[in-house]
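Hi,

Here is the structure I promised to pass on. Have a look, and my notes follow below.

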Amino acid sequence: MAEKKAPLTRSQMMARVRSADTKPELVLRKALHAIGYRFRLHVRSLPGCPDIVMRKHKCAIFVNGCFWHGHADCKHFRIPKTRPEFWSAKIEANRERDTRAIEALLGYGWRVLVVWECATRSFQVDNLISIIAAWLQGIETNAELSSDGLSTNRRTRSGISSGEQETRR
């Protein structure tokens, strides 16, 4: 008879969470490569170590998990009931780090696209890639792609971005 394995501890479970090569990231990379885009992965010399870097387009793409990066108003994001103070602080720190990285990249003249995990679940891959390809060919410097569609973020004088929704499906 086979022995039962002991359940994983909390630290063992957290150790299994990937920060690179996640499923949403792999889906996006495979599709971008298939239509001819070439890129570098996780360039550490850039602020925030973007998931996908296209030097030719001077574009950095972050593929964010809705939970880990605190995607507001998303069905995939909810603060856990266990230790909510810890999780709120952790997710808020992630949000602040993301904001600093994006602002630094924009300051260096890079274009930044944040693709949320929910977008990779909501859109068919062909639609997802056509939205991203259209953004790459456009002039917007900063945008987010979620299950609601593409939201362009224009920086204001105060540094706070105001979002304009462009829903494409």
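Where is the place of Asn142? Asn142 sits in strand 5 (strands are DSSP E runs of at least two residues, helices H or I runs of at least four, both numbered from the N terminus). Before I go on: this is a predicted model, where local features need pLDDT of at least 70 and side-chain atom pairs count only at pLDDT 80 or more, while totals for chains, interfaces and linings use all residues. Residues are numbered from 1 along each chain as its sequence is written, and side-chain values use heavy atoms, with hydrogens and water left out.

Asn142 counts as buried because its relative accessibility is 7% (buried is under 20% relative accessible area, exposed over 50%, partly exposed in between, with a 1.4 Å probe and protein chains only). Leaving aside residues up to four places away in sequence, Asn142 touches Ile102, Leu106, Val112, Trp135, Thr152 and Asn153 (contact means heavy atoms within 4.5 Å). Val112 is also the residue whose bridge partner in strand 5 is Asn142.

Strands 4 and 5 pair in the parallel sense over four bridges (pairing takes at least two DSSP bridges). On the strand 3 side, six bridges join strand 3 to strand 4, again parallel, and Asn64 has Trp116 as its bridge partner in strand 4.

Strand 4 itself is mostly covered, with six of its six residues buried. Arg111, Leu113 and Val115 point one way, and Val112, Val114 and Trp116 the other. In a regular strand, side chains alternate between the two faces of the sheet.

Cheers
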